[in-house]
Amino acid sequence: MSMTIKLGSVLSNGTGGEGAVYEILGRPDLVYKRYKQFKLTPTLESKLVYMMTVPPKTIMGECISWPTLLVKNTSGKLDGFVMPRLKFNIKLNDVYENKRYSYDSLVIVAGNLCTLVHQLHKNSIIIGDFNHGNVGVYEINSIVSMMDCDSFHLDGGQYPCCVCMDGYVAPELLKHLKKVNTARYDTAPPPTFTQQTDLFSLATHIFRLLMKGVSPYNGINTAVRVSSDVVSAGNEPIEKGMYVFRQGLTPAHPACPPKHILTDELINLFEQAFLFGEQSYRPGALVWHKALLNYQSSLTTCSRNQIHKYYSKLSCCPWCEAEQRESTFNNTRSAKNLPHYKVKRK
Ligand SMILES: [Zn+2]
């Protein structure tokens with residue numbers, strides 16, 4: 001199929017290590033990804049050809065950057081591909097702690113992310129490197145979209161995902177790599193990325209959305225009593241199982257509220273995902289979606305701040321308390337003077 005495409009300017013945030021993403025003149029619905037030639041390995045090329053043969057069946061077209069047309073340059077070599085232009089104005093990591101976002105919108109973003117993951121898994125697509133920079137959010141309606149689909153883990157690993165951002169790698173995968181003595185995801189023997197490892201990353205995103213951006217593995221030993229406002233965590237705490245609400249641990253981040261601000265249903269799902277997920281199965285995207293809908297319908301609005309919404313069974317607003325703890329911490333840089341959470345279940 002031949003088509004003449006006239007490229008416009010590079011999108012803002014459209015440059016990366018692999019190449020650049022351009023506007024296509026006259027086609028506001030599409031964009032073009034042009035690779036740096038040295039990045040176009042035979043493996044990547046055959047992956048793109050494979051992707052063209054298996055477009056996802058369900059109505060995800062506008063939500064994922066799946067290639068719709070491969071384009072060759074004048075010397076007949078692959079140059080890049082055309083894909084839908086995703087509708088987003090903010091990336092997920094900027095949503096986690098965004099003070100403009102009302103809490104119920106964060107719950108909706110989490111739910112929409114579940115829907116997208118469910119559809120991908122239904123199409124036998126494994127995301128692999130499911131990190132916060134690959135997910136876009138459109139602020140107006142909280143719709144989420146997924147970019148960098150050419151890094152997905154496809155056809156059962158025949159076309160593997162080669163990287164994964166620290167902090168989103170499932171513990172069983174970290175241990176597997178250690179066991180087979182490699183740091184490379186693409187050449188490690190299977191199993192590497194699976195639906196279960198995606199569900200680990202999904203649970204991490206949901207936790208961060210619901211708990212003030214805090215990483216679920218930001219736990220420290222209760223006896224240590226040293227808080228830190230560093231919210232992101234690398235792979236080491238995941239491998240060591242430092243789930244913030246594990247018995248004997250407490251969140252290092254001063255603004256992370258206690259777990260009982262969530263419904264029991266959500267508390268149980270997080271425990272399944274972060275405490276027992278390695279041994280059994282983690283909650284699927286639809287199970288999360290249902291629990292998030294239940295949570296959303298139980299939220300009430302704070303009398304002091306409209307964007308604070310909280311579980312109606314709580315005695316007071318946990319977000320007012322979190323802000324108070326955070327500002328005390330920022331002023332004193334000490335965990336000793338932090339006011340205690342008074343929020344309880346009614
Ligand atoms: Zn409040």
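**Exercise 1. Determine the strand order and pairing of the open sheet formed by 5 strands.**

Solution. The order is 1-2-3-5-4, and the pairing is antiparallel. Here two strands pair if DSSP finds at least two bridges between them; helices (H or I, at least four residues) and strands (E, at least two) are DSSP runs, numbered from the N terminus. Strand 1 (7-15) and strand 4 (69-72) each have a single partner strand, so one side of each lacks a neighbour in the sheet. On average, neighbouring strands of this sheet are turned by 35° against each other, direction ignored. Strand 4 is joined to strand 5 (residues 78-84) by 4 bridges, and Lys72 stands opposite Leu78 in strand 5.

The model is predicted: local features need pLDDT of at least 70, side-chain atom pairs count only at pLDDT 80 or more, and totals for chains, interfaces and linings use all residues. Residues are numbered from 1 along each chain as its sequence is written.

**Exercise 2. Describe how helix 3 and helix 5 (residues 195-210) are arranged.**

Solution. Axes are lines fitted to C-alpha atoms, for helices over the stretch in contact, and angles run from 0 to 180 degrees between N-to-C directions. The two axes come within 9 Å and cross at roughly 170°. Helix 3 is therefore roughly antiparallel to helix 5 (under 35 degrees counts as roughly parallel, over 145 as roughly antiparallel, 65 to 115 as roughly perpendicular and the rest as oblique). Residues are in contact if their C-beta atoms, placed from the backbone, lie within 7 Å. Those making the contact include Leu106, Val109 and Leu113 of helix 3 and Leu202, Ile206 and Leu209 of helix 5.

**Exercise 3. Locate the edges of the open sheet of 3 strands, and state what packs on this sheet.**

Solution. The order is 6-7-8, with antiparallel pairing. Strand 6 (90-91) and strand 8 (143-146) stand at the edges, each with a single partner strand. Between strand 7 (residues 135-138) and strand 8 there are 4 bridges; Tyr138 has Ile143 in strand 8 as its bridge partner. Helix 3 packs on the sheet, touching strand 7 and strand 8, and its direction makes about 45° with that of strand 8.

Key. Contact = placed C-beta atoms within 7 Å.
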